Amino acid sequence: MKDSHDRITNQTATELFALAAQLQGQKSHDYAPSELVQAATEAGISPDNLQEALQLMRIKQTQEQTRRRHLRLILSSGVAGVAIACAGVWAYFTLNQQSAMGGRILPGAIANLESPVVPNAPATDGYAVTYTGTVQQYLLNPEGRVDGLLLKNGLQVKFPPHLSNQLTSLIASNAEVSITGMAGTATRFGQEIRAIQITNQKTQQTIAAQSPNPLPPPPANSASYTSFSAEGNTQHWLVGHRGELNGLILSSGVEVKFPPHVGEQLVSMIQGNDKVQVQGFGSRNSYGQVIEATQLTINGQNVALTPPAVSIAPLLPKKP
């Protein structure tokens, strides 16, 4: 019989196996595509679903990298960030004061825009301007929250999604509205307005943008985030605050979103009344349907959704 000192207790064996698994994971952290396909097949996952999941993961990673870059820019802005914050506070209190005076705004700050957006018009960042128009449809974020309005004159009005319920109860489709906010760059594809306040012209009720509560309530008419596909002709293109192309609306009203680097490709492909086929993930409720594209075809041409590979060769030290 072996000495009792040669035996390992159950607790020690458990810790030993956990450590071995950790070391195995550290040494085997890369997988070939064939290995992933084999593992997925053994788990009952089809190769098509695996490929779709990989595309979605790459898009989310790209979006996360963009958010991190924005955060670093904000944190590194220093004094400029404080100045911008002070300007925002000044604009907020100025607007409140104007509202208390019966909605009067200095003539120089008014820019009524009942006609379509003027191509290549200059941006008015940092200045509150007022626009009027008629609501064509709600704009949604991927979770199904209403985060803006598309007006019939082409303006895209963005509003905090945590105020979705208040906005939809105050503003309905075909409502005449007055928008006060920060205007983005106007392009031939449209213009975004970051609304500070929105007024229903008929009822004179106003909703103002404000910071969310620590735990905002779930959206009304929320729908599960699931896979969708759609096709049709473009009715309207969507842009960001700097004029970057980042989405479209089909003639059926379905809203399609994609990263700005995709929009850069589309600029040279757009012909007018473009035929679109899209697959992706999103939400659908009584306010509309939105899809984050994982596969996109414009006028029969497949559009690359993954960001282009960046070579690191120039960053490597040269060999002596």
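1. T134 is a buried residue, with a relative accessibility of 16%; buried here means under 20% relative accessible area, exposed means over 50%, and partly exposed lies in between, computed with a 1.4 Å probe on protein chains only. T134 belongs to strand β1. Helices (H or I, at least four residues) and strands (E, at least two) are DSSP runs, numbered from the N terminus. The structure is a predicted model, in which local features need pLDDT of at least 70 and side-chain atom pairs count only at pLDDT 80 or more, while totals for chains, interfaces and linings use all residues. Residues are numbered from 1 along each chain as its sequence is written, and side-chain values use heavy atoms, with hydrogens and water left out.

2. The surroundings of T134 may be described next. Not counting residues up to four places away in sequence, T134 touches L150, L151, K152, N174, A175 and E176, where contact means heavy atoms within 4.5 Å. With E176, the side chain of T134 makes a polar contact, side chain to side chain, at 2.7 Å. A polar contact is a pair of N or O atoms within 3.5 Å; within protein, one must be able to donate a hydrogen and the other to accept it, and residues adjacent in sequence count only if both atoms are side-chain atoms. A separation of 9.8 Å is found between the C-alpha atoms of T134 and A172, which are 38 residues apart along the chain.

3. Strand β1 as a whole is largely enclosed by the rest of the structure, because eleven of its 13 residues are buried. With β4, strand β1 pairs in the antiparallel sense over seven bridges; two strands pair if DSSP finds at least two bridges between them. In this pairing A128 stands opposite M182 of β4. Strand β1 (residues 128-140) also runs antiparallel to β2, to which five bridges join it. Opposite Q137 stands L150 of β2, and opposite Y138 stands L149 of β2.

4. Which residue in the turn between β1 and β2 has a positive phi? The two strands form a hairpin with five residues between them, and G144 in the turn has a positive phi of about 95°. N141 is also in the loop between β1 and β2. At 10% relative accessibility, N141 counts as buried. Its contacts, not counting residues up to four places away in sequence, are D147, P161, K257 and V290.

5. Strand β2 (residues 146-151) is mostly covered, six of its six residues being buried. Strand β3 (residues 155-158) pairs with β2 over three antiparallel bridges, and L149 stands opposite V157 in β3. These two strands form a hairpin with three residues between them, in whose turn G154 has a positive phi of about 100°.

6. How many aromatic pairs does a search of the whole structure find? The search finds two. Rings of Phe, Tyr and Trp (its six-membered ring) pair if their centres lie within 6.5 Å; planes under 30 degrees apart count as stacked, over 60 as edge-to-face and the rest as tilted. Y138 and Y287 form an edge-to-face pair, at 5.5 Å centre to centre and 80° between the planes. This pair links distant parts of the chain, 149 residues apart: Y138 is in strand β1, and Y287 is in the loop between β10 (275-285) and β11 (288-298). Y138 is buried, with a relative accessible area of 13%.

7. The pair of F189 and W237 is edge-to-face, with 6.4 Å centre to centre and 70° between the planes. F189 lies in the loop between β4 (176-183) and β5 (191-200) and W237 in strand β7 (residues 226-239), so this pair ties together parts that are 48 residues apart in sequence. Both count as buried, F189 at 12% relative accessibility and W237 at 9%.

8. A nonpolar core is a set of buried Ala, Val, Leu, Ile, Met, Phe, Trp, Tyr and Cys residues joined through side-chain atoms within 4.5 Å. The largest such core has 24 residues, of which L149, L151, L167, I171, V177, I179 and I198 touch the most other members. Two or more residues come from each of β1, β2, β3, α5 (164-170), β4 and β5, and β1 gives the most, with five. L167 touches V146, L149, F159, I198 and I207, not counting residues up to four places away in sequence. Apart from this core lies another, of 23 residues, including F228, V254, V276 and I291.
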